[in-house]
Amino acid sequence: MRSRAYPFYFAGGALALYLLFYVLPSVMGFYYAFTDWNSYSSEVNFIGLENFKLIFSAGAGQNYMHFVRNTVIFTVATILLKTAIALGLAVLLTNGIRHLAYFHRVVMYLPAVLPMLVVSLVFKSILNPATGLLNTFLRSVGLDFMAQRWLVDVNWALPSVIGVDTWRGIGYIMVILIAGLQAIPKDFYEAAAIDGASAFASFRRITLPLMMPVLTVTTVLNLLYGLKVFDIVFVLTNGGPGRATDTVYTAIFDEFSKGRYGVATTLSTLLFLIMIILGYFVIRLMHREAEE
Amino acid sequence: MKKVVYLFSLLVLSALLLAGCAVAQPAAPAADTGAPSAEGDVTLTYMASQGWIKDAELELAKKFEAETGIHIDYQIIPADQYFSVLKTKLNSGEATDIFGGQSGKTDLQVQYDVEKNAVDLSDEEWVARHDPLSLEMVSLNDKVYGAEIWDTIASNYFIVVYNKDIFVEQGLSVPTTYAEFKDVCLALKDAGISPLYEPISDGWHHVLWFPMVGPRFEELNPGLAEQLNKNEVKFADVPVMVEAMTQLKELYDLGCFGDNALSDAFSDANAKLASGEFAMAVTTLTAPISIETDYPDTPAQTFGFFPMPLADNMLAPAHPAGPSKFIYAGSPHIEEAKQYLAFLTAPENLQYLLDNTPDFAALNFSGLQAKWTPEQQEFLDAYPAKSIVYQDAVNYLNPQWMDIGKDMVAMFTGAMTPEDVLKSIDQRRADMAKTANDPAWAE
């Protein structure tokens, strides 16, 4: 402690602002989760665990657990797809393709630069079952049976949203992974090649273990993003058809716009807890794997 | 060389940054236009949702300013954000002198809390000339709180608009029951014509099918709306409601709404009717006039009208609720705002508004000259308006419109049954009534 150049209270100003604008609102959020705060009445009453009971009961009203399920499916699917495809592309664009590698990287990264709203609106048009580019293309090459009612079919809506999000997200993950790949010394691969290791073996024995810290970062990023997903679902399907693609955040938005602030706060509190717990375990798990 | 390129890029970027700042600057003072001018003249601020203020009203506001020196500053908010902005302003005590709002008892009480936020206008001269049904929509506990200057018939009646030429070609007649309507749909489908354009993707349009048939529910169960408001009966317990919802599902399943209903948008409805691709659509009595304006090859006379025939409904959907003007109780210019409403509701100014607004055919004040087309008049003569639609008559229904829409889509796609949709409506009504401390829902 004595070795520090400045005393603790020098950070006081920043700390006070941090407490006021970050910690205090979060704690207040926790409190409101236990109240009936709504837009129709100026009174806020403490109602205990009522909101939590509402969320965990599958009553005649909203089936909140269905939204949690959708969110989890979305998160797991996008983590797996984005990581697998982005890793493949990263390896390809680092070691495989020699010509115009930078150009290809830029092209792959481009979707991440576009605003989510633009991406969603473009895909809404592409995926229109009657006039969309995708179905028109499929029909023109005789693949009519593959033309689906992408965003408006109960069975296809969530996979379509996952597909669009993966398309948009892989570039970003790929760039992080390329940085990780470039940090692996070439000597390891040379040594492995001399020992007669196949490409797959050196990928499994050298690339993967050394990439673990980077993969941990991308997984945590994808996890937090996936659990908080809102904009892409909101624009592409608005939770539809019916409520087939509603996620926790679209449900929170829905509750807020209905003026049920208490329920909305409860949902976000719950999601916050889930994120902390899952984030912690993912980091622990992946660190352990990396150490092994 | 590289250094030069870097320096040049830096220069260009800085220039762009500065240019950006320069554009942003003059925008700032523009936000203050609502303040009174230097001469001490009064400026009334007036907030409304997009589409509520017609061009003719803006002209009238100029005339009002010329006569009285009172300037009206309109603040138009996009429709999908309007109610959140309005509620935030009302809750924080910063509402404009005049604010627009959809009329109806639930909205007045629950959404705007007019007893606290709006000025009592019961003693104004124009109240006596206001249509009684509209007056009821802007009143709460026998006090009038707003002026609803709106065409509550031509713009408010959502009915089936059908292409008369197609009906003649196919030898079809206007249906008078649900069964006949279903046959018409199937016959059209067999002839390769998409029967009815139902844009479900907007989320609100397909909901019209249910509450707009309210007069029929009331005809079969007199006093039903009142019972629903007293919480003596629930939606799911009313057989005719289950029947109507089941019929709607049947129409969807039979493909009456075309192949692409879930992706269709209401903004294309006029185009689809004009092209003859679809034979019918649920829209307003003024739609044919807009179609003729946009597609001169399709005259307005091509189209006729009949009510949405679920549960054999043959009644006009009287829908007196509409955008209304309220004076904010906290306004420093209440008298001037009253003066403005008195000006707008003067008979000659109402007639000017009516004559110069293409979407209006009549206004809800007595002593005005309406401008019905023969087809519109024919509809009004053939289908009586016996009682009002359920989004106006039944409390806690209108505010959950979009939720009902989602449930209905779930019903179309098989995730919910018609009964589930009605139960869900009951559940949300109970939730709203509870938060509004409605004694009828007290446990």
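**Entry 1. Nonpolar cores.** I began with the largest nonpolar core, which has 150 residues; B:Ile159, B:Val160, B:Val161, B:Ala281 and B:Phe326 have the most contacts inside it. I note that this core lies between domain 1 (38–150 + 321–371) and domain 2 (159–315 + 380–441) of chain B, because both give residues to it. A second, separate core has 15 residues, among them A:Leu89, A:Leu93, A:Met108 and A:Met174.

I took a nonpolar core to be a set of buried Ala, Val, Leu, Ile, Met, Phe, Trp, Tyr and Cys residues joined through C-beta atoms within 7 Å. A residue is buried if 20 or more other C-beta atoms lie within 10 Å of its own, exposed if 12 or fewer, and partly exposed in between, with C-beta atoms placed from the backbone. Two residues are in contact if their C-beta atoms, placed from the backbone, lie within 7 Å. Domain bounds come from an automatic or database domain assignment.

**Entry 2. Conventions and confidence.** The model is predicted: local features need pLDDT of at least 70, side-chain atom pairs count only at pLDDT 80 or more, and totals for chains, interfaces and linings use all residues. Residues are numbered from 1 along each chain as its sequence is written, while chains are lettered from A and ligands numbered from 1 in the order in which they are written.

I looked up pLDDT, the predictor's confidence in each residue, from 0 to 100. Chain B averages 88, and 91% of its residues score at least 70. Where pLDDT is low, the predicted coordinates should not be read in detail. For the complex, the predictor gives an ipTM of 0.75 and a pTM of 0.79.

**Entry 3. Strand β7 of chain B.** Helices (H or I, at least four residues) and strands (E, at least two) are DSSP runs, numbered from the N terminus. Two strands pair if DSSP finds at least two bridges between them. Strand β7 (residues 158–163) of chain B is largely enclosed by the rest of the structure, because six of its six residues are buried.

I followed β7(B) to two antiparallel partners: strand β9 (residues 278–284) of chain B, over five bridges, and strand β10 (residues 303–306) of chain B, over four bridges. B:Ile159 stands opposite B:Thr283 in β9(B), and B:Val161 stands opposite B:Phe305 in β10(B). Leaving aside neighbours within four places in sequence, I found B:Val160 in contact with B:Met280, B:Val282, B:Phe305, B:Phe306 and B:Met308.

**Entry 4. A five-stranded sheet in chain B.** I traced an open sheet of five strands with mixed pairing, in the order β2-β1-β3-β11-β6. Its edge strands, β2 (71–77) and β6 (146–147), each pair on one side only. Strand β3 (residues 98–102) and strand β11 (residues 323–327) of chain B run antiparallel and are joined by five bridges. B:Ile98 stands opposite B:Ile327 in β11(B).

**Entry 5. Contact between the domains of chain B.** The C-alpha centres of domain 1 and domain 2 of chain B lie 29 Å apart. I find 12 residues from domain 1 and 11 residues from domain 2 in the contact. On the side of domain 1 that touches domain 2, α4 (105–111) and α6 (132–137) of chain B each supply at least two residues. The largest share of that side, five residues, comes from α4(B).

Entry 6. Chain A has 12 helices and zero strands. Of its 292 residues, 32% are buried. Its C-alpha trace spans about 75 × 75 × 30 Å along its principal axes.

I looked up A:Met211, which lies in helix α9 (residues 199–227) of chain A. A:Met211 counts as buried because it has 21 C-beta neighbours inside 10 Å. Beyond four places in sequence, A:Met211 is in contact with A:Gly180 and A:Leu181.

The contact between the chains takes 19 residues from chain A and 21 residues from chain B.
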